[in-house]
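Subject: Structure handover

Hello,

Here is the structure for your side of the work. My notes on what was found in it follow below.

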Amino acid sequence: MSKLSFAVPCVVKDLELLKLCIYSLFSLFENNDIDDIYIIVPSRETHLFQNIFNYYKQVIILDENNVFSSNTQSGWHKQQMLKLYISNIIKSEYYILLDADCFLTKRINISDIIIDNRPIVSLMHKHKNNWLIKSCNYFNLDYNKIPDPILNVTPQILKTSIVKELIINHDVHSLINSGCNEYWLYFCYLLTKYSFNEVYNLGDNKCHCLECSNYNYVSKLPYPLYNKGIWVKKCMKNKSIEEVINDMVIDDSVIFTLIQSNMGLPNTYLQFIYNNI
């Protein structure tokens, strides 16, 4: 079975979270199943990341301008472009896109990700939003007829060859600037050329999404990529640090979880996670 690559755009303000992300991958994902882990960073920050991660043989620090260069895009829009254009560098058939605030919570290998020759996928219920509607309109897809559930966002696994087709045949730069997003451009393009379950292992295709007062439960499928995470401050309301982290980490049904980078959690939280994965 082939190996998997990972790609993580990052900036220096999220460096502490990224350390946890990378540590979790090497601690819990079978190292022999990892092709490369690409960390994509601003030009001025490459040396900082190289100094920290150079002892990981499979980690490659990339100057973002060597992945995608634009004088008209920065910030979130540019990050979306980087997640697609990294496909030109990826060598593996599939790659998993992460943000710095995602981390692995379960010991796994590639056979947990690729099942019956198709990767598992993070899904969400179809819901009307401008990003999805604009992507559907561009590809002449009827929103009401696209499948439910649909492709979710990060963490997500993409098929390298399909991403390459997308960026070769369509002006994704202009489309993202006009209000589409990277995941649903990819998803809508996929639907025009392939069938969803031809590319991905959708399990029994039943999506159960719940919103609780303290946590968001996302993509609760037979093969979820992630589940509980700290999205907002209320996730931590009336809970001790141990209770919050244990709820996220000690759950055998999930693979990834996340702590939104704008939570500003103290290092004691991160250290507790290090100690429990």
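Across which strands does helix H6 lie? Helix H6 (residues 160–169) lies across S4 and S10, and runs at about 70° to S10. Please keep in mind that this is a predicted model.

The sheet

S4 and S10 belong to an open sheet of five strands, in the order S3-S2-S1-S4-S10, and its pairing is mixed. The edges are taken by strand S3 (59–63) and strand S10 (156–159); each has a single partner strand, so one side of each is left without a neighbour in the sheet. On average, neighbouring strands of this sheet are turned by 25° against each other, direction ignored.

Strand S4 (residues 94–97) pairs with S10 in the antiparallel sense, over four bridges. Within that pairing, Tyr94 has Lys159 of S10 as its bridge partner.

Another helix on these strands is H3 (residues 75–85), which lies across strand S1 (4–9), strand S2 (34–41) and S4. Relative to S4, helix H3 runs at about 160°.

Helix H1

Helix H1 covers residues 15–28. At 1.5 Å a residue, its 14 residues should span 20 Å, and the end C-alpha atoms are 20 Å apart, which agrees. Ten of the 14 residues of H1 are buried, so the helix is largely enclosed by the rest of the structure. The buried residues are Leu15, Leu17, Leu18, Leu20, Cys21, Ile22, Ser24, Leu25, Phe26 and Leu28.

H1 packs against helix H2 (residues 46–53) at an angle of about 40°, with the axes 12 Å apart. The crossing of the two helices is right-handed. From H1, the contact is made by Leu15, Leu18, Lys19 and Ile22; from H2, by Phe49, Ile52 and Phe53. By class, that contact has six nonpolar residues, no polar ones and one charged residue. Leu15, Leu18 and Ile22 are among the buried residues of H1.

Strands S5 and S14

Strand S5 (residues 102–104) pairs with S14 in the antiparallel sense over three bridges. Cys102 stands opposite Leu258 in S14.

Which way do the side chains of strand S14 (residues 256–259) point? Phe256 and Leu258 point one way, while Thr257 and Ile259 point the other way.

Regards

Notes
Residues numbered from 1 in each chain as written. Predicted model: local features only at pLDDT ≥ 70, side-chain atom pairs only at ≥ 80, totals over all residues. Heavy atoms only, no water. Expected span 1.5 Å × (residues − 1). Buried < 20%, exposed > 50% of the residue type's maximum accessible area, 1.4 Å probe, protein only. Pairing = 2+ DSSP bridges. Axes fitted to C-alpha atoms, helices over the stretch in contact; angles between N-to-C directions. Contact = heavy atoms within 4.5 Å. Left-handed = near helix turned anticlockwise from the far one by under 90°. Nonpolar A, V, L, I, M, F, W, Y, C, P; charged D, E, K, R; others polar.
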